[in-house]
Amino acid sequence: MGSRISGVGMYAPPRIMSNKDLEKLVETSDEWIRDRTGIEERRVVKQGTPTSDIGVEAAKRALDDAGISPDAVDIIIVATLTPDMLFPSTACFVQTKLRARNAYAMDISAACSGFIYALSVADALIRAGRGKTALVIGAEIISTILDYTDRNTCILFGDGAGAVVLTECPDGEGLLSCHTYSDGDLWGYLHGPGGGTVAAGAPDGEDGPKRVITMSGNEVFKHAVTRMGEVSLEALAVNGFTKDDVDLFIPHQANLRIIKSVGKRVGIPEERVFINLSRYGNTSAASIPIALAEAREQGRCKSGALVLMAAFGGGLTWGSALVRM
Ligand SMILES: CC(C)(COP(=O)(O)OP(=O)(O)OC[C@H]1O[C@@H](n2cnc3c(N)ncnc32)[C@H](O)[C@@H]1OP(=O)(O)O)[C@@H](O)C(=O)NCCC(=O)NCCS
């Protein structure tokens, strides 16, 4: 047995933060941000919104799309680097809010590669007989871990959630392969130092380090292009496909220049590369399922389409998934 994507859904909070809004917070310009990243605006939740709330919204839409009730879900996996709490998992909060009483739930921590990792784990669990139906969610409220005085990072990210329903199917259909990698030696290029045991601070949290994203942009950029390119080509080679077989390529939406460079490396022309970065920025683990849901709505990944997805993120981590929709 294998697994297929039988439903997709997304949720973007209504509040828009434009590049012009950021000009009021840091020394930057709309022109610089568009030029260097391709981002025009991003979404930001109302303060105090938990990640599970937006995950649930995306999940409900994915379940509706699949025509499946929450009772029928066996596995819930949430990929996030901005969980509701240290524990329990955000997936447990999603479970109770959805009333998915028959599921077991857990989070995956693989930063912006989290959705590909979660897809890989859910698929493996279904193949191992540990459930027939999985809800795989990427949900992030990155605005809670951004330093809005650091122009290197605060311009890049946005809040949002996306979800897919995976259901059992014959082997060789649906999700054809997942490839996941990490290199912990490179953790320092992209990390959030606060909130863990390394820099725990006092239990009341007052003297801990700031819980914000710290990044070496240029190093991350180079690795993103190389690794996403490699892991995408690997997915095609392992399955006996070429770049010409791909109907839609959905790379992690981090920077337009990264997306274009990876597209070139893999050899997929721009009209078959999905890009919605300008409207959402980098939503980390949510970026691929949001893109997938929008692509589906736009009729760009109909039933039978071959869709290649690739991501990279803190860890460093990276991965790809090849799916027959
Ligand atoms: C962060 C990133 C946009 C920076 O773009 P860049 O073209 O590499 O820019 P540089 O870091 O070389 O900086 C160039 C100049 O712009 C300045 N700059 C940086 N951010 C700026 C901003 N928001 N507005 C205006 N100027 C800015 C720098 O200070 C530097 O100035 P200097 O030349 O006077 O020193 C780019 O490196 C990137 O996207 N990296 C990948 C990050 C990523 O995807 N992270 C998430 C991974 S999941």
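Predicted model: local features only at pLDDT ≥ 70, side-chain atom pairs only at ≥ 80, totals over all residues.
User: What is the phi of Ala-111, and where does the residue lie?

Analyst: Most residues other than glycine have a negative phi. Phi of Ala-111 is near 50°, a positive value. Ala-111 sits in the loop between E5 and helix H5 (114-127).

User: Is Arg-99 buried or exposed?

Analyst: Arg-99 is exposed, because 9 other C-beta atoms lie within 10 Å. Phi of Arg-99 is also positive, near 60°, and the residue belongs to the loop between H4 and strand E5 (104-108).

User: Which residues does a cis peptide bond join?

Analyst: Most peptide bonds are trans. In this model, a cis bond joins Phe-87 and Pro-88, with omega about 0°. Pro-88 is in the loop between strand E4 (75-79) and helix H4 (90-98). Another cis bond joins Gly-315 and Leu-316, with omega about -10°. Leu-316 is in the loop between strand E12 (306-313) and strand E13 (317-324).

User: How many residues surround the ligand, and which are the closest?

Analyst: The ligand is surrounded by 21 residues, the closest being Thr-28, Cys-112, Arg-151, Gly-217 and Ala-254. By class, 11 are nonpolar, 8 polar and 2 charged.

User: Which helix gives the most to this shell?

Analyst: H6 does, with 5 residues. Helix H2 (30-37) and helix H6 (217-238) each supply at least two. Domain 1 (2-171) and domain 2 (176-324) each contribute at least three residues.

Key: Residues numbered from 1 in each chain as written. Near = placed C-beta within 6 Å. Helix = DSSP H or I, 4+ residues; strand = E, 2+ residues; numbered from the N terminus. Nonpolar A, V, L, I, M, F, W, Y, C, P; charged D, E, K, R; others polar. Domains from an automatic or database assignment. Buried ≥ 20, exposed ≤ 12 C-beta atoms within 10 Å, placed from the backbone.
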